[in-house]
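Subject: Structure handover and notes

Dear colleague,

I am passing on the structure we spoke about, together with my notes on it. Please look through the sequence and the model first, and then read on.

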Amino acid sequence: MKNNVFAKSILSAAILAAVVGGGLYLEGSTLGKVQAANVAQSGLPVTHSVSAGIATATDFSGIVDRYGAAVVNISVVGKTHKVSMRSNAQGDDDDDDNGSQQDPLSEFFRRFGPLMPNMPHGQGGGNGGVMRGLGSGFIVSHDGLILTNAHVVDGAQEVTVKLTDRREFKAKVLGADKRADVAVIKIDAKDLPTVVLGDPALTKVGEPVLAIGSPFGFENTATAGIVSAKSRTLPGDPSVGFMQTDVAVNPGNSGGPLFNLKGEVIAINSQIYSQTGGYQGLSFAIPIDTANKVQAQLVKYGKVTRGYLGVYTQELDQALADSFSLKKTEGALISATEKDSPAEKAGLQPGDVIIGFNGKTVEHASDLSGMVADVMPGTSNKLDVIRKGETIKLSVTIGELKNAKLAQNDDAKAAKGRLGVAVRPLERDEQRQSGLSKGLVVEDVSGAAAKAGIQPGDVILSVNGVAVNDGKQFQGMVQKAGKTIALLVQREDAKIFIPVDLG
């Protein structure tokens, strides 16, 4: 009798564990069938026995077996000032690419390769010494076309590709695009294994993903995680909407593929957010559709041509949307237009919000950058714009992006009256140096402006889209404003709207 009671207790505990803890599946039981049905309806992959939770463990071994051979190890030899670990999101020691100031967070965003294990800064010592580094890549054509990161081969004098069967080939760099951080290299071989490319647009946040690469020189290492977010704009890279994951990637993973559960490559691992240079749970990858467009141009023309609009944009938040009387926090807010740019010629103004480009919805500032970049220079394109609460349509002839400056997102600081700022007009020397004819220099900050991030030295150009000419006019506009205002501020070479909550 006691044994029966004991047995029933164990069975009851087991069923409770299955319901609460999700750790037990009773094969063939009613409970097991219900669990299987629930998981099937959820649309989640079933790769192990179904448990009581709504998610399941994932086995990536099939992907590694089938496509691991198409992931290659890339070793480079180059000069130390070029082939090195990057400490910012630009991945470019020069500022030629965009001329922008480094974002305060940039020092923690790293393009994580190439580096050899136990080789801190190369051989030969000093600037101009020789450095040997490692990165990763993957084969996209049977005759030896390989995709990797531009910063992996930047400045490389010799590139060697090693396959999983231990064959080694000297590679030729067909082209590299620093802005997208994509490079195409070629080895002389045939009948090579290749990966299959997927569609990043179909990827969902929370979806499991797999990375294969050579972290710290450990070849063909597989690590897994989930997609943490999509369309991330990083400091210095406003034109690329990165895919964020929590996959463990480290120096040497640069250029390696990111697979979905179907075994399709959906992105190229490119950057990490790190205070140490190693993995800290924030990894960023270039969507494969972006890389594919770059590859096509590099192979055909040896360079990449991008469309150019000539606007400085920023993301909308609720405070900015309220300031401009917008119903949604969607679109690309223009903080400035470049002189003689296509945007200026088309009539775009600071304070305009671009919500559509050639019939496509613009939800984020990075969306606009990508759409414009894909357009052939010299073509006419349609813009849907919200200006002072009204929707208007404009036509713009897109130019060619060369070394035009990209938008930059600065942080800020702000001290008298309702707003909390003491201002003065620009002096003649300041006007000449800044190129501004009007504006008010912030001398002291406190209160609401300080909380919003206004800093001494900032130049206030407008309030809610209306240009300011003198202190009296400025004070009057602040007093008449509602609970929130948007200040257009110039700081050094950048213009940015800063929303201020006046309470």
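Below is an account of what was found, going from the whole chain to single residues.

Please keep in mind throughout that this is a predicted model. The protein has 503 residues, of which 49% count as buried, and its secondary structure comes to 11 helices and 29 strands. Its accessible surface is about 23,900 Å², with 51% of that area belonging to carbon and sulfur atoms.

The annotated site may be what you turn to first. The UniProt record, an unreviewed entry, places the feature "binding site" at H151, D181, G252, N253 and S254. Two of these positions can be described further. D181 lies in the loop between strand 7 (172-177) and strand 8 (182-186), and S254 lies in the loop between strand 12 (237-245) and strand 13 (257-259). Are D181 and S254 buried or exposed? D181 has a relative accessibility of 1% and therefore counts as buried, while S254, at 0%, counts as buried as well, the cut-off for that class being under 20% relative accessible area. The side chain of S254 also makes a polar contact, at 2.8 Å, with the side chain of H151, and both of these residues are among the positions named in the UniProt feature.

Towards the end of the chain, strand 28 (residues 484-491) deserves a careful look, since 8 of its 8 residues are buried. In a regular strand the side chains alternate between the two faces of the sheet. In strand 28 both faces are covered, with T484, A486, L488 and Q490 buried on one side and I485, L487, V489 and R491 buried on the other. As for its partners, strand 28 is joined to strand 26 (residues 459-463) by 4 bridges in an antiparallel arrangement, where V463 stands opposite L487. Strand 28 is also joined by 8 bridges to strand 29 (residues 494-501), again running antiparallel, and here L488 stands opposite F497. Strand 28 and strand 29 form a hairpin with 2 residues between the strands, in which E492 takes a positive phi near 55 degrees.

Two helices show how burial can be arranged around an axis. Helix 5 (residues 288-301) has 14 residues and reaches 20 Å from its first C-alpha to its last, close to the 20 Å expected at 1.5 Å a residue. Which residues of helix 5 are buried? They are I288, A291, V294, Q295 and L298, and, seen down the axis of helix 5, the buried residues fall within an arc of 120 degrees, so they line one face of the helix. An α-helix has 3.6 residues a turn, so residues three or four places apart point the same way. The face of helix 5 turned away from its buried side carries the exposed residues K300 and Y301, and just after the helix G302 takes a positive phi of about 80 degrees.

In helix 11 (residues 471-480), the buried residues are F474, M477 and V478. These cover an arc of only 100 degrees around the axis, which puts them on the same side of helix 11, whereas K472, Q475, Q479 and K480 are exposed on the other side.

D352 sits in the loop between helix 7 (342-346) and strand 19 (353-357) and is buried, because its relative accessible area is 1% and the cut-off is under 20%. Its side chain reaches the backbone nitrogen of Q349 at 2.8 Å, and the side chain of D352 also makes a polar contact with the side chain of R387 at 2.7 Å. L394, found in strand 22 (residues 390-397), counts as buried at 17% relative accessibility. From C-alpha to C-alpha, L394 and L348 are 8.2 Å apart in space, although 46 residues apart in sequence.

With best regards

Note on methods: Residues are numbered from 1 along each chain as its sequence is written. This is a predicted model: local features need pLDDT of at least 70, side-chain atom pairs count only at pLDDT 80 or more; totals for chains, interfaces and linings use all residues. Side-chain values use heavy atoms; hydrogens and water are left out. Buried means under 20% relative accessible area, exposed over 50%, partly exposed in between (1.4 Å probe, protein chains only). Accessible areas come from the Shrake-Rupley method with a 1.4 Å probe; for residues, only the protein chains shown count as cover. UniProt positions are given in the numbering used here, feature names are shortened, and annotations may be inferred rather than shown by experiment. A polar contact is a pair of N or O atoms within 3.5 Å; within protein, one must be able to donate a hydrogen and the other to accept it, and residues adjacent in sequence count only if both atoms are side-chain atoms. Two strands pair if DSSP finds at least two bridges between them. The expected span of a helix is 1.5 Å times one less than its number of residues. The arc is that of the directions from the helix axis to the C-beta atoms.
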